[in-house]
Structure formats: C-alpha cells, structure tokens
Amino acid sequence: MSATVAMILALAVGTYAFRLVGPALHGRVELPARVQELLSAGAIVLLTALLATGALTEGGGFAGWARPVGVLVGGVLAWRKAPFVVVVLGAAGTAAVLRTFGMA
C-alpha cells in the first residue's frame with residue numbers, strides 16, 4: 001500500500017470518527033455556557049477570516065476591487081434576507097459589471 005493511500009484511509013477514518021462522536025456523546029457531555037459562547041464566537045471569527053482571504057487575495061496578492069465589492073453587495077443582500085439566488089446573482093453581477101468597466 002502506498003503512502004498516499006494510507007493517508008487517505010487515515011483521513012477517512014478520522015473524518016468518520018469525528019462524525020460518529022457527535023451523536024455518540026450528545027446528552028452525555030454538557031459544555032458550560034461560557035464555552036458554548038466562545039465556540040460560537042470562534043466559528044464566526046474563522047468564517048470571517050475565510051471570507052476575507054477569499055474575497056481579498058488571489059495568488060498571494062490583492063485580488064482587485066471587483067471581488068471585494070461583489071462580496072460586500074452579496075453580504076448586504078444576505079443581511080437584508082434576500083433569497084439565496086438573488087444574493088449570488090447580485091454579488092456575481094456586481095463583480096462582472098465592475099470587471100467590464102476595468103475595475104479588476
């Protein structure tokens with residue numbers, strides 16, 4: 001067995017174990033309210049960091065202004081509770097229009 005196959009199998013077993021632990025421990029482990037708040041805040045921070053790096057960078061440099069403005073428009077539409085299709089089309093359309101006018 002090659003090292004690549006072994007790593008894929010190890011990751012598959014680890015992923016399955018993580019998925020199994022949630023239902024297995026549900027109701028048996030009680031997290032304090034403060035820990036739950038910190039986990040919620042941590043998830044928001046990680047998602048925000050992912051959004052920022054995806055929206056602002058490309059190939060290790062600045063991605064240009066069209067992408068961040070498109071993400072901003074999509075974020076505002078989502079915040080205003082627009083349907084998902086409208087959010088995606090609004091963000092993509094904004095970025096496309098800006099790129100058309102040379103604001104890459």
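## Helix 1 and what follows

Helix 1 covers residues 3-25, a run of 23 residues (helices are DSSP runs of H or I, at least four residues, numbered from the N terminus). From its first C-alpha to its last, helix 1 reaches 32 Å, close to the 33 Å expected at 1.5 Å a residue; the expected span is 1.5 Å times one less than the number of residues. After helix 1 comes G27, with a positive phi near 90°.

This is a predicted model, where local features need pLDDT of at least 70 and side-chain atom pairs count only at pLDDT 80 or more, while totals for chains, interfaces and linings use all residues. Residues are numbered from 1 along each chain as its sequence is written, and side-chain values use heavy atoms, without hydrogens and water.

## Two salt bridges

There are two salt bridges to look at, each a side-chain nitrogen of Lys or Arg within 4 Å of a carboxyl oxygen of Asp or Glu. In one, R34 pairs with E37, and the closest N and O atoms are 3.7 Å apart. Both residues sit in helix 2, three residues apart, about one turn of the helix.

R34 is exposed, at 53% relative accessible area, whereas E37 is partly exposed at 49%. The cut-offs are under 20% for buried, over 50% for exposed and in between for partly exposed, with a 1.4 Å probe and protein chains only.

R67 and E58 form a salt bridge too, at 2.5 Å from N to O. Here R67 is partly exposed, with a relative accessible area of 23%.

Conventions. Helices (H or I, at least four residues) and strands (E, at least two) are DSSP runs, numbered from the N terminus.
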